[in-house]
Amino acid sequence: MNRLQLIFHHVFRFIWNLIFIISYPVLASFGLIFIGITYVFSLLSGFLARIKPEGKAVVLKESEWETLPHSSDLFEAKLVKQIMFGPSGFILRRKDGVPSVLSDFVFGKKVRVIDEGFILEKWNSLESKDLPDFDICLYNPDEDSLKSLTNINCFDWHVSEKVDNELSFKWFDGTQGGEVKVAL
């Protein structure tokens, strides 16, 4: 190293050491303050947990039969499965007391009325990991028949249009969407 380089080296090393010496106490104090605040909140949380009254025991009650909305007052539903932050599965029965094929399956709450009958979503599984997996079915109340129209793996669907004897379903799963046309 020549003399000029040596002088620059010593000056920059001095500046670097000065920056480190000045900033180190500031950085260390912020770390200590963070640890102290965390410790105080931990003590406060422990204290509040001890003075909190004990909760009452949770008693799970069996759900009651309720009239299913948008079903023209024909169906009653009873909750079978509630998915956390998601849909619910129901057993359906007719309100008029007529025995029906509906009692053998679990359905979603979505019911659409068309001239030919009721559009229902029949769940193929009750396991949360397998959902959404259901068939869109047409229920004819006069014949008490359930006809599977299509399988959709998405809870966000709707009947987009009905032309003559053909239904169009649109669906969207959060990333992609599509349209399914089925013949009645």
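The dialogue below takes several terms in turn and sets each value against its cut-off.

Guide: Please keep in mind that this is a predicted model.

Visitor: How do you know whether Glu76 is buried or exposed?

Guide: Buried means under 20% relative accessible area. Glu76 has 16%, and is therefore buried.

Visitor: How many salt bridges does the rule give?

Guide: The count comes to four. One of them joins Asp96 and Arg94, at 2.9 Å from N to O. Arg94, at 11% relative accessibility, counts as buried, whereas Asp96, at 44%, counts as partly exposed.

Visitor: Which parts of the chain does the pair Glu116 and Lys162 tie together?

Guide: The side chains of Glu116 and Lys162 form a salt bridge at 3.1 Å, N to O. Glu116 lies in the loop between β4 and β5, and Lys162 in strand β8 (residues 157-163), so the tied parts are 46 residues apart in sequence. Glu116 is partly exposed because its relative accessible area is 27%, and Lys162 is partly exposed with 35%.

Visitor: Why can such side chains pair at all?

Guide: Opposite charges can pair when the charged atoms of the side chains come close.

Visitor: What makes the patch of Glu161, Asp164, Glu166 and Glu179 a negative one?

Guide: Asp and Glu count as negative, and the surface patch is formed by Glu161, Asp164, Glu166 and Glu179. A patch residue must also have over 30% relative accessible area. Glu179, found in strand β10 (residues 177-183), has 41% relative accessibility and counts as partly exposed.

Visitor: Which residues make the nonpolar surface patch?

Guide: Among them are Leu4, Ile7, Phe8, Val11 and Phe12, and the patch covers about 1000 Å². Phe8 is placed in helix α1 (residues 3-51). With 47% relative accessibility, Phe8 counts as partly exposed, and the cut-off for a patch is over 30%.

Visitor: What makes a set of residues a nonpolar core, and how many residues has the largest one here?

Guide: The members must be buried nonpolar residues joined through side-chain atoms within 4.5 Å. The largest such core has 15 residues, and those with the most contacts inside it include Ile119, Ile136, Trp157 and Phe169. Two or more residues come from each of β4 (106-114), β5 (117-123), β6 (134-140), β7 (145-152) and β9 (166-172). Strand β6 gives the largest share, three residues.

Visitor: How far apart are Gly36 and Ser100 in sequence and in space?

Guide: They are 64 residues apart in sequence and 66 Å apart in space, C-alpha to C-alpha. Gly36 is found in helix α1 and, at 30% relative accessibility, counts as partly exposed.

Notes:
Residues numbered from 1 in each chain as written. Predicted model: local features only at pLDDT ≥ 70, side-chain atom pairs only at ≥ 80, totals over all residues. Heavy atoms only, no water. Patch = residues over 30% accessible without salt bridge, like charges linked within 9 Å, V, L, I, M, F, W, Y side chains within 5 Å. Areas by Shrake-Rupley, 256 points an atom, 1.4 Å probe, with all protein chains shown as cover. Charge placed at Lys NZ, Arg CZ, Asp CG, Glu CD. Helix = DSSP H or I, 4+ residues; strand = E, 2+ residues; numbered from the N terminus. Buried < 20%, exposed > 50% of the residue type's maximum accessible area, 1.4 Å probe, protein only.
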